[in-house]
Amino acid sequence: MSEWSNGSSNTSYTSFLLLMGFPGLQESRDLLVLPFLSLYLVIVSANALVIPHTVAAQCSLHQPMYLLIALLLAVNLCAASTMVSAMLFSFSSQLNHISLTRCLVQMFCIYFFIVFDCNILLVMALDRYVAICYPLRYPEVVTGQLLAGLVEVAAARSTCIVAPVVFLASRVRFCRSDVIHHFACEHMALMKLSCGDVSLNKTVGLTVRIFNRVLDMLLLGASYSRIIHAAFRISSDGARSKALNTCGSHLLVIFTIYSSTMSSSIVYRVARTASQDVHNLLSAFYLLLPCLINPIIYRGSTWQGFS
């Protein structure tokens, strides 16, 4: 039973019910556990197999790029674990209750891992820029200390991007319903339960997402255009091919992550007549697709490093 928080004339739910991620399939909830659990096990297995190889490549070749790949895959694994665990709990009528505090923590974790994923891609772009455009200076410029600092900056930037959205959500009163029609505490799904004006929350959420995506894409575009230009000027055919293949892997990962998130956002705002099942399926798609595809892409890149 959901609880109420009373303060003078204001009331607000302090606990919620996560209705199964696909409300139109209530009678088939037990059948949905197996495919999503199987998908999660495939994601865990794929990432667990590739991460040791990337670390081994770093130890063998002394290229920090492989540690960044391992970190990216580890973040993918954390994102998938957070999301799939919430989804499996939402399938159970006994475990689908969640307090507002846990809901906000879950929201922060999911969005943090998504943004941190993108910020790691920026660090990887910088690493490749120095490696290909200034190869002779790469060992002295890109040190372990520098990479550790850049990863810390990426984590801090991710926190600064996500924290305002979650903080504003924590100040909203929820009195329309205590049922979240989603498999996780997604921001827009939670805002639908609010009473009162939440235009600031929606504006901040949309502005942060657009500004972050546009800035990231501009930085990535500028970096990789210079990288590809420099790669084509490499005289050695083998070195040129290896540089282009590495950049191709990174660009494919970037395309997978950004296309999935942007398509989900566009459909969510344009196709308002679509069913809740469709919106929730797209949310699962953009969260899980990179976690599944990235280890496949980087597996080839890692094995190439040994050749």
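The legends below describe close-up views of a predicted model.

**View 1. Three strands form an open sheet.**
The strands run in the order β4-β3-β5, and their pairing is mixed. At the edges are β4 (97-99) and β5 (179-180), each of which pairs on one side only. Strands of a sheet pair through backbone hydrogen bonds, either parallel or antiparallel.

**View 2. Strands β3 and β4 pair in the antiparallel sense.**
Strand β3 covers residues 15-18, and three bridges link it to β4.

**View 3. Asp127 and Arg128 meet in a salt bridge.**
Side chains of opposite charge can pair when their charged atoms come close. Between the side chains of Asp127 and Arg128, the distance from N to O is 2.9 Å. Both of these residues are buried.

**View 4. A salt bridge joins the side chains of Arg157 and Asp216.**
Here the N to O distance is 3.0 Å. Arg157 lies in helix α5 (residues 144-170) and Asp216 lies in helix α7 (residues 199-232), so the pair ties together parts that are 59 residues apart in sequence.

**View 5. Arg157 is partly exposed, whereas Asp216 is buried.**
The relative accessible area of Arg157 is 23%. Buried means under 20%, so Asp216, at 0% relative accessibility, counts as buried.

Methods
Residues numbered from 1 in each chain as written. Predicted model: local features only at pLDDT ≥ 70, side-chain atom pairs only at ≥ 80, totals over all residues. Heavy atoms only, no water. Pairing = 2+ DSSP bridges. Helix = DSSP H or I, 4+ residues; strand = E, 2+ residues; numbered from the N terminus. Salt bridge = Lys/Arg side-chain N within 4 Å of Asp/Glu carboxyl O. Buried < 20%, exposed > 50% of the residue type's maximum accessible area, 1.4 Å probe, protein only.
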